[in-house]
Every structure is written in C-alpha cells, then in structure tokens.
Amino acid sequence: KKVAALFGIYKDAASFKECALSWGWPLDATEEGFLGALATEIHCAGFHQIEGLIALLLAEYQDRPDWVYLTSYGNADMKTAARAFAKGDFEKITNGAHKTAEEFVCAAVYAGFKTEDSAHEEDWKSSVSDITWLIGHCAEHFVEGTEYNAYKHGLRVVSGSANLAVRPMESEGQFTSILSMRHSLSYLEIADGTDGYTAERVTKELNPEYSCNVIEIVAGVLAIVREMRLASIRGKADSITCLSFDREELVSRRPSSKMSFSY
C-alpha cells in the first residue's frame, strides 16, 4: 500500500504537485531530486517486502512460535536463507523436510493443498512453477542488495541521477558518456582486508517500475500464504488461488547498470 501511494505520486507527479499546492507543499514534486527520492524509497521497499516473504516462508520450519520467530530473527538469518534459496539448497533451510523448490512451494506457500479440479490443474502447476522461479529471483536480488543495510541507516546513501563519461588519458578533448542513470543510489561497500578495511563507492541504477512490479507480485504470494495457512487451521480450503505473471517482462525491467570505484 505504501508503494502504491509512492508510485502513484511518481507516475503522476504533475497532478500531485497541483493538488499539494493547496496545503502549502514546500517542494517541487516534478523535480528530478524529488522523483529520485521516491525511486529510492520504492526500490528499498522491495527489499523489505522480500525479507518479509522469506521470513514468513521459513516461520513454518522453526522451533519457535511464528510471531516469536518473526520478531526475533536476525539480519544474518535472512541473508543466509536468501543464499540458500538462490542456490536451491532447500534441505538446509527446511531442516531436511524438502529437497526441491517445488516441494517447498507446495508446503510453505500452499500448505499442502492443491486443486482437486482437473480443469484448473495446469493453472495450479503453472502457479507453483512461477512462484518457485520468483523465490529464486527475489533471493538473488536480496543477496545482491547490499545497499539495503546502508539505506536503513539513513545517512549512508545518496540518491540522484548518475553519469559515467570517459576520454583518453592525457587528452583534453570532450568526455564521452558511456553510462547514464536517471535514478541511482550510491553507497559504500566496506570489507576487511589484510592491511585494514577496503572501501568502494558503488552506484546502482534504480527502476521504480521494476521494484513496484516485484512488490505487487510478492504481495500476491504473501496473500496466498496467509489464505492457505488459515485454511490449514480450519482443516479445509474453500478455494485455491493461482498466481501468474510474465517472467520475461519482469526481468526486462530489472535495472542492470552499476559502477564502482575505490574510495
């Protein structure tokens, strides 16, 4: 819901500005800086949503009540789980309960329920396949999202447009642009080295459309998890929701530009 509101403002900034003037809005909602800030919020909300998905799926395999687990897990737990998801190591994260991704989705998402209607069996199989793919895709995105921790601490990130231009060394000619990002996020990646820490300034491209799409689809999976776990408590499922989306379209929107320099 938060992302729907932010993305609505992003896509129709001029109308928002016109409306906001009536209550003394202090910023220009059509400026690139403001739109870049919205892009950053939407991008990082995607990590929040994926973390929620991973945690809720794993809650079934803990020795603590679900709410206790969801309140007490650590950041490292989610990274470890995401890496296992990305590698397809489902035995590790389910304590040996499931060997394959499909088994995991049938149990963790659908709570063991499957459609009994032969007319919708292919839809259900397709839904399991799409959700299986989505979990792996989101897990990889989460593992690579080192900017998420920097964002959570506020002053560690810088958002805005970014460009990379080059020219031959010792040349006084014009620079040639080779990379341009309308929206980007810059932050430091710090690692321990033999002679102390090393640091790189990393700049990643953002695409609000991609982030919003991922969040919307993951929300659909979360709704299915909730629906099926309630059905498990009741002992029956009145209906089974199938999910479908265009994988190629989703991947085509994923931003891929990135640059980094020693700091």
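**Close-up 1. Helices H1 and H3 cross in this predicted model.** Start with two helix axes: those of H1 and H3 come within 10 Å of each other and cross at roughly 155°. An angle over 145 degrees counts as roughly antiparallel, and therefore H1 and H3 are roughly antiparallel to each other. Their crossing is left-handed.

**Close-up 2. Side by side, which residues of H1 meet which residues of H3?** On the H1 side, look for Lys 2, Val 3, Leu 6, Phe 7, Ile 9 and Tyr 10. Their partners in H3 are Phe 34, Leu 35, Leu 38, Glu 41, Ile 42 and Ala 45. Sorted by class, this contact of H1 with H3 has 10 nonpolar residues, 2 charged ones and no polar ones.

**Close-up 3. Helix H3 also crosses helix H10.** H3 covers residues 32-58 and H10 covers residues 208-234. Their axes come within 9 Å and cross at roughly 25°, which means H3 is roughly parallel to H10. The crossing of H3 and H10 is left-handed. In H3, the residues that take part include Ala 39, Ile 42, His 43, Gly 46 and Leu 53. In H10, those they meet include Pro 208, Cys 212, Val 218, Leu 222 and Arg 229. The contact of H3 with H10 is made up of 16 nonpolar, 5 polar and 1 charged residues.

**Close-up 4. The second largest pocket is lined by residues from H1, H3 and H10.** H10 gives the most, with 4 residues. Among the lining residues are Lys 2, Val 3, Ala 45, Gln 49, Cys 212 and Ile 215. The volume of this second largest pocket is about 260 Å³. Its lining divides into 6 nonpolar, 2 polar and 3 charged residues.

**Close-up 5. The largest pocket has a lining of 17 residues.** What is the volume of the largest pocket? It is about 310 Å³. To find the centre of the largest pocket, look for Lys 79, Thr 146, Tyr 148, Asn 149 and Ala 150, the lining residues that lie nearest to it. Helix H5 (75-87), helix H9 (147-152) and strand E2 (176-193) each supply at least two residues of this lining. By class, the lining of the largest pocket has 8 nonpolar, 4 polar and 5 charged residues.

Conventions: Residues are numbered from 1 along each chain as its sequence is written. This is a predicted model: local features need pLDDT of at least 70, side-chain atom pairs count only at pLDDT 80 or more; totals for chains, interfaces and linings use all residues. Side-chain values use heavy atoms; hydrogens and water are left out. Axes are lines fitted to C-alpha atoms, for helices over the stretch in contact, and angles run from 0 to 180 degrees between N-to-C directions. Angles under 35 degrees count as roughly parallel, over 145 as roughly antiparallel, 65 to 115 as roughly perpendicular and the rest as oblique. A crossing is left-handed if the near helix is turned anticlockwise from the far one by less than a right angle, and right-handed if clockwise. Contact means heavy atoms within 4.5 Å. Ala, Val, Leu, Ile, Met, Phe, Trp, Tyr, Cys and Pro count as nonpolar, Asp, Glu, Lys and Arg as charged, and the others, Gly among them, as polar. On a 1 Å grid over the protein atoms alone, a cavity is a set of points where a 1.4 Å probe fits but cannot get out, and a pocket is an open set with protein on both sides within 12 Å along at least five of seven lines; lining residues have an atom within 4 Å of a point. Grid points are joined across faces, edges and corners, and a volume is the space filled by probe spheres set on the points.
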